[in-house]
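Subject: Structure for your review

Dear colleague,

Please find below the structure that I am handing over to you, followed by an account of what was found in it. I would ask you to keep the view open while you read.

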Amino acid sequence: MAEPEIPERFLEGYAHILSAAADTGRRLTRDELEARRNLGREAAEAGHQLRALVNRHLAATRTAWPLSVSASGTAGADAVLAAVEQAVDAFAEGFERAQRLTVRREEAARREFIDDLLYGRSDLGRLAERATRFGLRLSRAHAVAVAAGPEAYTESDPVPRSVEAALLTRFSGRKILLTTKDGRLVCIAPGSQPDVLRYFAKQAHAATDGGQVAVGRPHRGPGGVVHSYDEALDALDLAERMALDDPVLYADDLLVYPVLTRDKQAMADLVRSQLGPLKQARGGAEPLLRTLAEYFDAGCVAAETARRLSLSVRALTYRLERIHQLTGSDPSDPMHRYALQTAVIGARLLDWPAKEL
């Protein structure tokens, strides 16, 4: 695409400045410098490129040169070059100021849009209109991935920048929005492109030095993004409470947990009835509850459970027998196992026994 022609008004007074410098050897006045800065600002706002503007100034200098230095010799040439330097520098200063202001405005608009998008607190129709400016078509399904690392991140930090660079290199042209929110990395991508979020998860896990990534399910419409975002956040919270150490968590794979806790009162009753008697054990309920959790996680294989707990198989067997005595439920009996395992999951979700139910 050809560069638009630069209007003569952006060089207004430039030839006169060069002529005055050649005749008198003077530097630019304060008013002349401010005028050049204003012209630079206007050129930036008009969408011209600084490189083209500088080239235009140099061409104008070459055109005006014979008239400016015809009778002044070397001293006149030095004075003109000094004036060129001052004029172009002031013009570029005004241009860069305008660009910085534009960038700040764009960043503020982008941050406001992201906040409204992820919190769902804006008119959905208006939100969909604003989304096109940032490359999103909210009429389609989108999914959100959230990465949490050992520290909080902002968009200007090296970690988000390196992840963004990797995504843009791999998926140039794709409609992807990468940002940070509450110290976490957030990636929003079309639901039809799961490869984008898988690659984001891989890059974010590595860049955050082993951080955990959660991926929400795809949902359609402006409200779908916040729904997927909430699912990803819930997955990270669940991973912390359940001690899930998978590097990547998918909300699809964790749907059983929200189902189990939908009726918290019923779950609390189950935990109290099935596991409450463990409080009578020496050392409280926590050691035996951990034993049950590891036993179920190990597929009810005694040798593997003992290894994970750094116990002998005999010591593990004693603990399982003690659990049977206290609760009346045998962890090795398939008839009792389901209720006990569900109660153990409920205890993790409800943070029992640390919190009273």
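Let us begin with a single residue in this predicted model. Arginine 307 lies in helix α12, which covers residues 302-309. Is this arginine buried or exposed? Arginine 307 counts as exposed because its relative accessibility is 56%, and the cut-off for that class is over 50%. Its side chain is joined to that of glutamate 304 by a polar contact of 2.6 Å. As for distance, arginine 307 and valine 226 are separated by 81 residues in sequence, and their C-alpha atoms are 42 Å apart in space.

The chain as a whole

The chain contains 14 helices and 6 strands. Its radius of gyration is 33 Å, whereas the globule rule gives 21 Å for 357 residues; the chain is therefore more spread out than a compact globule. Along the principal axes, the C-alpha atoms fill a box of roughly 110 × 45 × 35 Å. Of the 357 residues, 44% count as buried. The accessible surface of the chain is about 19,500 Å², and carbon and sulfur atoms contribute 50% of that area.

Helix α14

Helix α14 runs over residues 334-349. How does its expected span compare with the distance between its end C-alpha atoms? At 1.5 Å a residue, its 16 residues should span 22 Å, and the end C-alpha atoms are 23 Å apart, so the two values agree.

At the N-terminal end, α14 is capped by aspartate 333, which has a side-chain oxygen 2.8 Å from the backbone nitrogen of methionine 335. After the helix comes aspartate 351, which has a positive phi near 60°.

The buried residues of α14 are Leu340, Thr342, Ala343, Val344, Ile345, Gly346, Ala347 and Leu349. Which helices do these residues pack against? Their partners are α8 (222-242), α9 (256-260), α10 (264-275) and α11 (286-297).

Threonine 61

Threonine 61 is located in helix α3, which is made up of residues 50-69. With a relative accessible area of 8%, threonine 61 is buried, because that class requires a value under 20%. The side chain of threonine 61 forms a polar contact of 2.6 Å with the side chain of tyrosine 14. Leaving aside residues up to four places away in sequence, threonine 61 touches Tyr14, Leu18 and Val84.

Strand β3 and its partners

Strand β3 covers residues 184-190 and is mostly covered, with 6 of its 7 residues buried. Which strands pair with β3? One of them is β1 (residues 141-148), which runs antiparallel to β3 and is joined to it by 6 bridges. In this pairing, valine 144 stands opposite isoleucine 188 of β3.

Strand β2 (residues 177-181) also pairs with β3 in the antiparallel sense, over 5 bridges. Here leucine 178 has cysteine 187 of β3 as its bridge partner. The hairpin of β2 and β3 has 2 residues between the strands, and aspartate 182 takes a positive phi near 55° in this hairpin.

Yours sincerely,

A colleague

Notes
Residues numbered from 1 in each chain as written. Predicted model: local features only at pLDDT ≥ 70, side-chain atom pairs only at ≥ 80, totals over all residues. Heavy atoms only, no water. Helix = DSSP H or I, 4+ residues; strand = E, 2+ residues; numbered from the N terminus. Buried < 20%, exposed > 50% of the residue type's maximum accessible area, 1.4 Å probe, protein only. Polar contact = N/O pair within 3.5 Å; in protein donor to acceptor, adjacent residues only side chain to side chain. Expected span 1.5 Å × (residues − 1). Contact = heavy atoms within 4.5 Å. Rg over C-alpha atoms; globule rule 2.2 N^0.38 Å. Areas by Shrake-Rupley, 256 points an atom, 1.4 Å probe, with all protein chains shown as cover. Pairing = 2+ DSSP bridges.
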